[in-house]
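I opened this structure to look up its strands and its pockets. My notes follow in the order that I made them.

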Amino acid sequence: MADSVLYEVSDGLATITINRPEAMNAMNTEAKVALREAARAAAADEAVRAVLLTATGRAFCVGQDLKEHIGFLAADREAGTGQTMSTVREHYNPIVRALTGMPKPVVAGVNGVAAGAGLGFALAADYRVVADTAKFNTSFAGVALTADSGVSWTLPRVIGPGRAADLLLFPRNIDAREAYDLGIANKIVPAADLAAEAAQVARTLAEGPTLAYAALKESLAYAAGHSLDEALDKEDELQGKAGASEDHTIAVQAFIAKEKPKYLGR
């Protein structure tokens, strides 16, 4: 992986760290490629049972690196092409697909500002631990763009379509407390404790029943676009698989024995 994104796996937990603190973790091409490949690697690695997505410095990610972007726009105008915005298809979409679609839980440790695509990455996670100094901003309309990085799908599902339209049409900073009230943040912690708290949440999930978590992710995503009857059928299908897992037997045995279960992830 490039230095702009760090990747580490330890005891079933993959930690992906956006590492451009001097640019508030704005996404240049190198960082986008590296984040895409890190997310794909975590999704494909059977040894990875949970993922922590976080960042260095005072920002989580402020979205597109506009300094690089303006140069690409100028080149497009000169060449009469529109290649610059292919980054949505080539980079942002695969990143979000990998985070939302991987059969394992993803925790975002939001250490600072999450704006534009950075907000999209945070919303693509299953659980968000947020520093009390963090802020969120859709920011797209502020630079005459529409939503990308999955925000048009994730944000309305997290906070409702009316509030999502408000934040998209009138971008503004949302502080940690408001983010919690809206449902964007799942847990707020002091900024100094963010790294340890986010890692602890992610490690707890890595030690949990991985197959059940995967089924929960699949069930929630499926139900978002299907009828109640279809969702019930999907629950039946997934519960059958979960019930046949070793982890389910381990959990039941541990419950009867009044012991803490030690899951195997299978």
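This is a predicted model: local features need pLDDT of at least 70, side-chain atom pairs count only at pLDDT 80 or more; totals for chains, interfaces and linings use all residues.

Strand 5, residues 106-110, runs parallel to strand 7, and four bridges join them. I then asked which strand pairs with strand 7 over three bridges. I found strand 10, residues 187-189, again in the parallel sense. Here Val130 has Ile188 of strand 10 opposite.

I noted a general point: strands of a sheet pair through backbone hydrogen bonds, either parallel or antiparallel.

Is strand 7 mostly covered or mostly open? I checked burial and found that four of its five residues are buried.

I read its order as 4-6-8-9, and its pairing is mixed. Strand 4 (59-61) and strand 9 (174-175) are the edges, each pairing on one side only.

I followed strand 9 to its partner. Strand 8, residues 135-137, runs antiparallel to strand 9, with two bridges between them. Lys135 stands opposite Asp175 of strand 9.

**The largest pocket**

I looked up the volume of the largest pocket and got about 560 Å³. Its lining counts 22 residues. Closest to the centre are Ala125, Asp126, Lys217, Leu220 and Ala221.

Which element gives the largest share of this lining? I found helix 9, with five residues. Strand 7 came up again here: residues 127-131 form this strand, and it supplies at least two lining residues. Helix 3 (87-101), helix 4 (117-124), helix 5 (151-159) and helix 9 (210-223) each supply at least two as well.

I sorted the lining of the largest pocket by class. I noted 14 nonpolar residues, four polar and four charged.

**The second largest pocket**

I went on to the second largest pocket, with a volume of about 310 Å³. How many residues line this pocket? I noted 16, and those nearest its centre are Ala212, Ala215, Leu238, Gln239 and Ala242.

By class, I wrote down nine nonpolar, five polar and two charged residues for the second largest pocket.

Definitions and conventions: Residues are numbered from 1 along each chain as its sequence is written. Side-chain values use heavy atoms; hydrogens and water are left out. On a 1 Å grid over the protein atoms alone, a cavity is a set of points where a 1.4 Å probe fits but cannot get out, and a pocket is an open set with protein on both sides within 12 Å along at least five of seven lines; lining residues have an atom within 4 Å of a point. Grid points are joined across faces, edges and corners, and a volume is the space filled by probe spheres set on the points. Ala, Val, Leu, Ile, Met, Phe, Trp, Tyr, Cys and Pro count as nonpolar, Asp, Glu, Lys and Arg as charged, and the others, Gly among them, as polar. Buried means under 20% relative accessible area, exposed over 50%, partly exposed in between (1.4 Å probe, protein chains only). Two strands pair if DSSP finds at least two bridges between them.
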